[in-house]
Amino acid sequence: MAANLIESIVKILFIFSVNIGFFSPILGWVERKQSALMQDRVGANRADVCGFTLIGLFHPIADAIKVLTKEDFIPEGADRLFHTIAPFISLTPAIITFAVIPFGGQYELFGHHVNLIIADLDVGILFVFAFASLASFGSVLAGWSSNNNWSFLGGLRASAQMLSYEVVMGLNIIGVIMVYGTLRLSQIGAMQADFFNWGIFLQPVGFVLFFTCAIAENKRAPFDVAEAESELVAGYFTEYSGMKFVMFWMGEFLEIVTIGALVTTMFFGAWHLPFVSDQMLLNYFRFAGPNGAASLAIVVNIITFFSKVIFFIWLQMTIRWTLPRFRYDQVMRLGWKMFLPIALINIFITGVVILAK
Amino acid sequence: MQLLMFYIFGLGAVLSATLMVTNIKPVTAAMNLIMTMFFLAGIYVLLDAHLIAALQIIVYAGAIMVLFLFVILLLNVHEKEGETARRKVVIQFGSIAIVGSLFIIIAHLAVIYPSAVKVITDTAYEFGTTKAVGKMLFTDFLLPFEIASFLLLAAIVGAVILAKRRIDDSE
């Protein structure tokens, strides 16, 4: 009992510190540097401590101090309650969804069974969807409660877009579920121990559609019509300042991480290195004794998993700074008239292949 | 612990539902309905029906309520629509009381005549898991399931026809 409690607390603290403590501040810096790199600029490099700038790595700290001390402004005529809770509604789902994503296999450590996932739920992937779909309330409410036409338009666009792409994303997941026969993300991960069982080989179309829909769901360019700065100032968060403004950004960055983690788990072998199963890792580290081997395998699992996640974060950043924004009607047409039929055909073909096997 | 959770969820569900029907602001009412959905999902989890809980949040809170909110915002429903609701508070509470007491009566009847209700005691598969629900839907309850999906299909076709007629008229 006590061991279980300690295990849970350690896992929660680990994921929390990785997400909130590492990814969300560092991604702001990465985004600036990546855009600078791609536009042939230097990027943020002025914040310094005793003359050291550390290629701009002090900027996250400077930003944090700045937003915490800024005035928290609520515009005239705004709905105070919803204006205040909207950023929380967008940030919370992004943090919660990581609870069901596995970041490693299952090991015996000091006679205690360790499962490297915070909550190994039977509904796994559906839990992610349940909470991801709530994020749209954050943007809708933010847009509506600000009492500003730009915000309002942004909120409406956001809700329509997120709803449309959620449908396609759900249909893509069905293909993955059919192939692996389970909703449990830890099992989906475990089944990809064999390299040729990786989701990318079994569901190549599913991967492309899922990744695109996930970016659209996160409202990042080329799908950022909801905040289109050339049309709507900043869309649904035009009227936000200080910490609340940053909460929308934190939500977006954490969703990038979650998307990377989901893509890794479902399509790119989760915590597995190609051609290396957990058992092979344990055999390889046999020299360190059973507990040492298990801990080393856990470390390798976690490093492998997060390296893959970081790769997909980089990919999303690159896409964001490469492609221009779609027009609103193009976004809708792409979602309903192209992705939805392709996703349905994908399910059909997957079913036929499974039956034929 | 479970009982405590049940009281928290139950009280929350009743409270937010009451706030939903008595509030005069449409958006606040919609948000309260979402809260109700959440508390109900919590109760489903307590009943070990994890799949139903997840679907409750995805379908109702995540999809249908976003559409509700979308419509409320798009049609710009004002508070004066809520005013009519305020005048009918007595009717609202009356209907809540009637439906509630009906529910209690049915629950009591089910206890008195246990044969009238089909209790699922089959423990061949784990209760409430996705597998169990799926197996049941596609074996024992296939016909109701298919009828329900047929109804939904009819609704979709109907919506398309209605929308299409309006587009044709406007041209």
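What is the mean pLDDT of chain B, and what share of its residues reach 70 or more? The mean pLDDT (the predictor's confidence in each residue, from 0 to 100) of chain B is 79, and 80% of its residues reach 70 or more.

1. Basis of the note. This is a predicted model, in which local features need pLDDT of at least 70 and side-chain atom pairs count only at pLDDT 80 or more, while totals for chains, interfaces and linings use all residues. Residues are numbered from 1 along each chain as its sequence is written, and chains are lettered from A and ligands numbered from 1 in the order in which they are written.

2. Confidence. The model scores ipTM 0.76 and pTM 0.81. Within chain B, confidence is lowest in helix H4 (residues 79-87), with a mean of 60, and highest in helix H2 (residues 26-46), at 86. Helices (H or I, at least four residues) and strands (E, at least two) are DSSP runs, numbered from the N terminus.

3. Overall form of chain A. Chain A comprises 14 helices and two strands. Its C-alpha atoms fill a box of roughly 65 × 60 × 45 Å along the principal axes. The radius of gyration of chain A is 21 Å, which agrees with the value near 21 Å for a compact globule of 357 residues. That radius is taken over C-alpha atoms, and the globule rule is 2.2 Å times the number of residues to the power 0.38.

4. Burial and contacts in chain A. Of the 357 residues in chain A, 47% are buried. A residue is buried if 20 or more other C-beta atoms lie within 10 Å of its own, exposed if 12 or fewer, and partly exposed in between, with C-beta atoms placed from the backbone. Among contacts in chain A with a separation of 6 or more, 77% are between residues 24 or more positions apart. Two residues are in contact if their C-beta atoms, placed from the backbone, lie within 7 Å.

5. Chain B. Chain B has seven helices and zero strands, and its pattern along the sequence reads α-α-α-α-α-α-α. Buried residues account for 16% of the 171 residues in chain B. Of the contacts in chain B between residues at least 6 apart in sequence, 58% join residues at least 24 apart.

6. Interface. In this model, 17 residues of chain B are in contact with 18 residues of chain A. Helix H3 (residues 50-75) of chain B gives the most to the side of chain B that touches chain A, contributing 14 residues. That side has 13 nonpolar, four polar and no charged residues. For these classes, Ala, Val, Leu, Ile, Met, Phe, Trp, Tyr, Cys and Pro count as nonpolar, Asp, Glu, Lys and Arg as charged, and the others, Gly among them, as polar.

7. Nonpolar core. The largest nonpolar core has 117 residues, and those with the most contacts inside it are A:Leu126, A:Phe127, A:Cys213, A:Val263 and B:Ala54. Helix H11 (residues 242-267) of chain A supplies the largest share of this core, 14 residues. Such a core is a set of buried Ala, Val, Leu, Ile, Met, Phe, Trp, Tyr and Cys residues joined through C-beta atoms within 7 Å. Leaving out residues up to four places away in sequence, A:Leu126 touches A:Leu183, B:Ala54 and B:Ile58.

8. Helix H9 of chain A. The 14 residues of helix H9 (residues 204-217) of chain A should span 20 Å at 1.5 Å a residue, and its end C-alpha atoms are 20 Å apart, which agrees. The expected span is 1.5 Å times one less than the number of residues. Because 11 of the 14 residues of H9(A) are buried, this helix is largely enclosed by the rest of the structure. The buried residues of H9(A) include A:Phe207, A:Phe210, A:Cys213 and A:Glu217. They pack against several helices of chain A, among them helix H4 (124-132), helix H6 (149-180) and helix H13 (289-322). Just after H9(A), A:Lys219 takes a positive phi of about 60°.

9. Positive phi in loops of chain A. A:Asp40, which is not a glycine, has a positive phi of about 60°. A:Asp40 lies in the loop between H1 and helix H2 (59-69) of chain A, and it counts as exposed, with 6 C-beta neighbours inside 10 Å. A:Ala270 has a positive phi near 45° and sits in the loop between H11 and helix H12 (278-284) of chain A. With 28 C-beta neighbours inside 10 Å, A:Ala270 counts as buried.
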